[in-house]
2 protein chains.
Amino acid sequence: MRQDNRLPRVLHALLHLSDMKDPATSEQLAGMLNTNAAVVRRTMAGLRDQGILISIKGHGGGWQLARPLEKITLAEIYEALGAPTLFALGCNNENSQCLMEKAANAATARALQKASETFIGILSSVTMADLAVDFEKRLAELGLSPDDPHHSGDHHH
Amino acid sequence: MRQDNRLPRVLHALLHLSDMKDPATSEQLAGMLNTNAAVVRRTMAGLRDQGILISIKGHGGGWQLARPLEKITLAEIYEALGAPTLFALGCNNENSQCLMEKAANAATARALQKASETFIGILSSVTMADLAVDFEKRLAELGLSPDDPHHSGDHHH
DNA sequence: AATCATGTAACTTTTAATGTTACGTGATTC
DNA sequence: GAATCACGTAACATTAAAAGTTACATGATT
């Protein structure tokens, strides 16, 4: 399949949302994420259902954070995205009758399972606030104050 | 992209090879793996180049293990396959100018990196001999002796 | 009533593994 | 030494799921 960029994209979007006073429209976010408004709506729908985001219809509407960054873990976000398939690698015939295939699949699955636990474990230990701190650090490294415009990037609004 | 089944497939193939006296043709292995001879040749080419397998042309030829199972780790096999992309998930714009995107990508990449290390670590600690032991256990659980035919499966030779 | 923005469906595009076909090359057998 | 066997490899079709795209319905604001 094609590479799944939803997680990093959503993280990126949430950082921008945390930086805005008014709701951001899907169109605006699409510009920041270099994609399409429909993709934004589709991708963020899960986060809305999960209570991480709020979507507002009509004039002046758009997307807003439903909670402070401290109360959003990356694991929650991943779950809200539907916990999409993590691995490009997998076992084909999971219910084969061949015992050798079963042994081969079991060994592969064990390694993947442990890797998955590591992944989820790290996501659980990181909040969006941690990302915001990382962002501020990067900003400071460029010699800019936090009051300077944050959205310096290659997106075109 | 489509799911990558090369690793478990190759593990399965090596177990069968370890169980045979004569070289197995790509055609035979394809039957065991429910695939095509050309796929077998393509997939196993890396293992041959890496010195894990030997391929023999001509009459009576086919594929053989180049070493005992104890001396083949799963990590070597994964490497021999070209260390194919492990994750279905990834960051899109790795060299973005947007600091928020950088922070989002970095957090995602960190989690993936740790998961990858876990995966490789496990593969490094397991040898094909361990898989053979697992296979024998499964065989014993069915009340069969190791001398009974091993290749009871859903493949059609 | 007009406009804005989300919600959603339907369809196309993309990308890499897998499946398939075909043919070249080297080794074995008679 | 000719036929056959089996690998080596290229070229192309198929597949699957995310992403891109288009279109339109629904609800909110002015």
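I looked up helix H1 (residues 6-18) and helix H2 (residues 26-33) of chain B, whose axes come within 10 Å and cross at roughly 120°. H1(B) and H2(B) are therefore oblique to each other. I noted that angles under 35 degrees count as roughly parallel, over 145 as roughly antiparallel, 65 to 115 as roughly perpendicular and the rest as oblique. H1(B) contributes B:Arg9, B:His12, B:Ala13, B:His16 and B:Leu17 to the contact (heavy atoms within 4.5 Å), and H2(B) contributes B:Leu29, B:Met32 and B:Leu33.

This is a predicted model, in which local features need pLDDT of at least 70 and side-chain atom pairs pLDDT 80 or more, while totals for chains, interfaces and linings use all residues. Residues are numbered from 1 along each chain, chains are lettered from A and ligands numbered from 1 as written, and side-chain values use heavy atoms, without hydrogens and water.

Next I looked up H2(B) and helix H3 (residues 37-49) of chain B, and found that their axes come within 8 Å and cross at roughly 100°. H2(B) and H3(B) are therefore roughly perpendicular to each other. Among the residues in this contact are B:Leu29 and B:Leu33 of H2(B) and B:Val40 and B:Met44 of H3(B).

Last, I turned to the two chains. The contact takes 58 residues from chain A and 58 residues from chain B. The buried area (accessible area, 1.4 Å probe, lost on being put together, summed over both) is about 4,900 Å², and carbon and sulfur atoms give 67% of that. In chain A, the residues losing the most area to chain B are A:Ala88, A:Leu99 and A:Met100, together 16% of what that side buries.

Definitions and conventions. Axes fitted to C-alpha atoms, helices over the stretch in contact; angles between N-to-C directions. Helix = DSSP H or I, 4+ residues; strand = E, 2+ residues; numbered from the N terminus. Buried area = accessible area lost by both parts, 1.4 Å probe.
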